Amino acid sequence: MGEWWMWSGFFALVLTLLWVDLRFVGGGRSHKVSLKEAGAWSLVWVSVALLFNLAIWYWADLHLGREMANQKGLEFLSGYLIEKALAVDNVFVWLMLFGYFAIPAELQRRVLLYGVLGAIVMRAGMVFAGSWLIEQFHWILYLFGAFLLLTGAKMLWAADQEPDLENNALLGWMRRRFKVTETLEGEKFFVWRDGVRYATPLLLILVLVEVSDLIFAVDSIPAIFAVTTDPFIVLTSNIFAIMGLRAMYFLLAGVAERFALLKYGLACILMFIGVKMLLLDIFKIPTGIALGVVALILVSSMGLSLWVTRKKVIDQKTV
């Protein structure tokens with residue numbers, strides 16, 4: 001898939017959605033996004049993605065036949081679900097970073113804006129590079145599979161460990177490289193004092209957010225190639241999955257502690273996808289079954305998380 005008008009229409013749609021996201025999610029101004037607002041916009045982004053999925057199915061049904069339409073529709077839906085699930089871990093990292101720097105909710109909007117834009121650019125580049133590599137070297141899929149399997153195992157092992165930001169090498173380098181203000185200066189990344197330019201803590205967190213985007217892109221891009229190698233499906237499902245990332249962040253910000261076991265589920269998803277890629281030429285797991293397994297792992301880990309943390313919620317209500 002992916003005729004020139006499809007690519008043009010998709011990028012035009014993305015630009016329009018970005019404008020809507022920047023203009024209306026958060027109202028284009030510095031303020032705390034409410035849970036109701038975040039939930040409404042999250043529903044909007046999911047609905048738009050599903051409508052795009054339906055459009056793909058309809059076009060394929062007209063031009064490629066019902067069987068291929070069902071296949072392409074499943075590929076998009078599977079890729080979207082995988083990328084959306086893995087994006088949750090990215091959101092948890094953002095929450096940890098904002099908490100460490102004590103960034104008020106009303107000042108997080110601008111950092112998240114650049115974070116999402118950076119994620120879109122990096123993922124687009126990685127998708128095209130990955131598609132070219134797979135086309136030239138089919139065996140690289142095995143490397144992707146091994147990488148995902150090891151990444152999932154590492155995530156599983158380190159699920160309970162908290163990142164040590166005090167000794168973070170990048171953070172230490174930035175603090176040595178820039179003069180940093182002790183306090184925030186609104187949404188500014190730089191300020192001038194007595195002719196000297198100072199970075200604000202908001203710049204430090206922006207760099208860390210962009211680096212986390214890069215790390216998660218390296219993890220998630222190979223994962224979607226386990227579902228399909230069609231560049232159009234890979235890129236569109238990936239971009240739609242992260243388009244509503246800011247709304248997802250504000251939606252999860254107040255309930256993140258309720259999903260204590262979700263990281264284990266995400267690790268298992270990565271490991272499953274890695275195994276699927278390693279078995280690609282031996283036993284091809286159908287896309288529908290892969291979608292069901294990913295959904296089952298995700299729903300189970302979320303449900304178990306809510307059940308395990310229910311006592312904590314009851315105790316808080318009692319207090």
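Ile103 counts as buried because its relative accessibility is 6%, where buried means under 20% relative accessible area, exposed over 50% and partly exposed in between (1.4 Å probe, protein chains only). The model is a predicted one, in which local features need pLDDT of at least 70 and side-chain atom pairs count only at pLDDT 80 or more, while totals for chains, interfaces and linings use all residues. Residues are numbered from 1 along each chain as its sequence is written, and side-chain values use heavy atoms, with hydrogens and water left out.

Ile103 is placed in the loop that joins helix H3 (66–100) to helix H4 (108–136); helices are DSSP runs (H or I, at least four residues) numbered from the N terminus. Beyond its neighbours within four places in sequence, Ile103 is in contact with Phe98, Gln108, Leu184, Leu202 and Ile205, contact meaning heavy atoms within 4.5 Å. Pro201 is 98 residues from Ile103 in sequence, with a C-alpha to C-alpha separation of 8.7 Å. Ala102, which follows H3, has a positive phi, near 55 degrees.

Helix H2 (residues 35–63) and helix H8 (residues 231–243) have axes that come within 9 Å and cross at roughly 165 degrees, axes being lines fitted to C-alpha atoms over the stretch in contact and angles running from 0 to 180 degrees between N-to-C directions. H2 is therefore roughly antiparallel to H8, a term for angles over 145 degrees. Trp45, Val48, Ala49, Phe52 and Ile56 of H2 form the contact with Phe232, Ile233, Thr236, Phe240 and Met243 of H8.

Methods:
Helix = DSSP H or I, 4+ residues; strand = E, 2+ residues; numbered from the N terminus. Parallel < 35°, antiparallel > 145°, perpendicular 65-115°, else oblique.
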